[in-house]
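Reader: I am new to this model. Please show me how to read its features one by one.

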Amino acid sequence: MTGSRVDVLHGVNLDMLGRRDPDHYGTLTLTELEVKVKHFADDLGLDVAFFQSNHEGQFCEWLHRAAENTDGLILNPGAWTHYSWAIHDALEIAALPAVEVHLSAVDEREEWRRLSVIRELCVGSVQGKGVDGYREALEMLKERLGK
Ligand code: DQA
């Protein structure tokens with residue numbers, strides 16, 4: 001039996017992990033982070049797929065197709081989190097259980113990072129836990145998907 005599938009979507013500048021401020025984002029590259037998240041998913045019996053884009057429209061188009069392909073979403077949209085109502089609306093269209101993840105503690109940083117326009121559409125939100133936050137998000141989705 002295959003488990004539920006979760007898509008992990010990374011937005012703008014997340015492909016630059018490894019070159020970004022290690023105090024906030026750690027030292028892993030995105031590929032290294034994805035390997036760890038894949039292991040977490042394997043442990044939990046979930047199938048996982050990854051997507052990253054620096055193009056907001058492409059990110060929205062992925063969300064438009066998400067319901068055809070997956071059961072749940074983990075989103076780290078990067079800076080789009082704080083102002084992209086286009087991603088908010090695309091997530092609403094996707095109508096899937098979603099958890100928002102941020103590597104850094106966004107609520108403890110600059111004022112402008114404290115607003116998340118997607119949080120109201122998410123079943124959970126994890127921040128400031130680095131890569132371990134993704135495990136927590138997968139656990140939340142597993143519970144939610146009930147498989
Ligand atoms: C981030 C936090 C955002 O404020 C920032 O713009 C990012 C990464 C995080 O994972 O901590 O690019 O989403």
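Reader: Let me start with a side chain. Is Glu139 buried, partly exposed or exposed?

Author: Begin with the general idea. Buried means under 20% relative accessible area, exposed means over 50%, and partly exposed lies in between (1.4 Å probe, protein chains only). Now the case: Glu139 has 36% relative accessibility, so Glu139 counts as partly exposed.

Reader: What should I know about the model itself?

Author: This is a predicted model, where local features need pLDDT of at least 70 and side-chain atom pairs count only at pLDDT 80 or more, while totals for chains, interfaces and linings use all residues. Residues are numbered from 1 along each chain as its sequence is written, and side-chain values use heavy atoms, with hydrogens and water left out.

Reader: Which residue meets Glu139 in a salt bridge?

Author: A salt bridge is a side-chain nitrogen of Lys or Arg within 4 Å of a carboxyl oxygen of Asp or Glu. Here the partner is Arg135, at 3.5 Å, N to O.

Reader: Why are Arg135 and Glu139 separated by about one helical turn?

Author: An α-helix has 3.6 residues a turn, so residues three or four places apart point the same way. Helices (H or I, at least four residues) and strands (E, at least two) are DSSP runs, numbered from the N terminus. Arg135 and Glu139 are four residues apart in helix α5 (residues 132–145), which means a separation of about one helical turn. Arg135 is partly exposed, at 25%.

Reader: How many salt bridges does the whole structure hold?

Author: The search finds ten. Among them is Arg5 with Asp7, at 2.7 Å, N to O. Arg5 is partly exposed, with 27% relative accessible area. Asp7 is buried, at 1%. Another pair is Glu110 and Arg113, at 2.7 Å, N to O. Glu110 is partly exposed at 34%, whereas Arg113 is buried at 13%.

Reader: Where is Glu100 found?

Author: Look at strand β4, residues 98–102. Glu100 has 0% relative accessibility, so Glu100 counts as buried. A polar contact is a pair of N or O atoms within 3.5 Å; within protein, one must be able to donate a hydrogen and the other to accept it, and residues adjacent in sequence count only if both atoms are side-chain atoms. The side chains of Glu100 and Ser125 make one, at 3.0 Å. Contact in general means heavy atoms within 4.5 Å. Beyond four places in sequence, Glu100 has contacts that include Leu75, Thr81, Arg119 and Cys122.

Reader: Which residues of helix α4 are buried?

Author: In α4 (residues 85–94), they are Ile87, His88, Ala90, Leu91 and Ala94. The buried residues of α4 pack against α3 (56–69), β3 (72–78) and β4. Just after α4, Ala95 takes a positive phi of about 50 degrees.

Reader: Which residues are around the ligand?

Author: A residue is near a molecule if one of its heavy atoms lies within 4 Å of it. Those around the ligand include Tyr25, Asn76, His82, His102 and Arg113. An N or O atom in the side chain of Arg20 is 2.9 Å from a ligand oxygen. A polar backbone atom of Leu103 is 2.8 Å from a ligand oxygen. For Ser104, a polar side-chain atom lies 2.6 Å from a ligand oxygen.

Reader: How much of the ligand's accessible area does the protein cover?

Author: Accessible areas come from the Shrake-Rupley method with a 1.4 Å probe; for residues, only the protein chains shown count as cover. The ligand has 320 Å² of accessible area on its own, and the protein covers 98% of that.
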